[in-house]
Amino acid sequence: MGYSIMSAWDIVKRFLIGWTAVFGILVLISCVKYWDFITTALADQAMALFNAVMPLILIVYVLFCLIRGVFR
């Protein structure tokens with residue numbers, strides 16, 4: 001017949017790919033459905049978002065410089 005043997009890793013990969021696809025579809029649907037709410041929230045809280053993200057960017061940049069300096 002046309003049967004093939006699947007390993008456990010093949011089954012896990014299919015499971016993870018399926019959940020990732022469903023998650024992506026749900027995120028897209030939510031972004032389209034709640035577009036007004038998302039844009040309003042981002043516009044109202046843009047400064048808070050900037051204050052939350054900037055320290056993370058600085059930390060990543062400093063760690064990158066430190067690691068680059070060690071391997072020079």
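This passage describes the fold, surface and selected residues of a predicted protein model.

Residues are numbered from 1 along each chain as its sequence is written, and side-chain values use heavy atoms, with hydrogens and water left out. In this predicted model, local features need pLDDT of at least 70 and side-chain atom pairs count only at pLDDT 80 or more, whereas totals for chains, interfaces and linings use all residues. The pLDDT is the predictor's confidence in each residue, from 0 to 100. Its mean over the protein is 90, and 97% of the residues reach 70 or more. Among the elements, helix α1 has the highest mean pLDDT (94), and helix α2 (residues 35–44) has the lowest (90).

The protein contains three helices and zero strands; helices (H or I, at least four residues) and strands (E, at least two) are DSSP runs, numbered from the N terminus. The order of the elements from the N terminus is α-α-α. The radius of gyration is 22 Å, well over the 11 Å that the globule rule gives for 72 residues, so the protein is more spread out than a compact globule. This radius is taken over C-alpha atoms, and the globule rule is 2.2 Å times the number of residues to the power 0.38. The C-alpha trace spans about 60 × 50 × 10 Å along its principal axes.

Two pairs of residues illustrate separations within the model. W19 is located in helix α1 and is exposed, at 55% relative accessible area. From W19 to L63, 44 residues away along the chain, the C-alpha distance is 33 Å. A46, in helix α3, is partly exposed at 41%. Between A46 and I25, which are 21 residues apart in sequence, the C-alpha distance is 26 Å.

Of the 72 residues, 0% are buried. Buried means under 20% relative accessible area, exposed over 50%, and partly exposed in between (1.4 Å probe, protein chains only). The protein exposes about 7,000 Å², of which carbon and sulfur atoms supply 77%. Accessible areas come from the Shrake-Rupley method with a 1.4 Å probe, and for residues only the protein chains shown count as cover.

A nonpolar patch on the surface is formed by L56, I59, Y61, V62, L63, L66, I67, V70 and F71, which together have about 1,000 Å² of accessible area. Patches are made of residues with over 30% relative accessible area and no salt bridge, with like charges joined within 9 Å and nonpolar side chains (Val, Leu, Ile, Met, Phe, Trp, Tyr) within 5 Å.

One salt bridge is present in the structure, defined as a side-chain nitrogen of Lys or Arg within 4 Å of a carboxyl oxygen of Asp or Glu. The salt bridge joins the side chains of K13 and D10, at 3.8 Å from N to O. K13 and D10 are three residues apart in helix α1 (residues 8–33), and are therefore separated by about one helical turn. K13 is partly exposed, at 35% relative accessibility, and D10 is also partly exposed, at 27%.

A disulfide is a pair of cysteine sulfur atoms within 2.5 Å, and by this rule the count is zero. Among the cysteines, C31 is partly exposed at 33% relative accessibility, and C65 is partly exposed at 25%.
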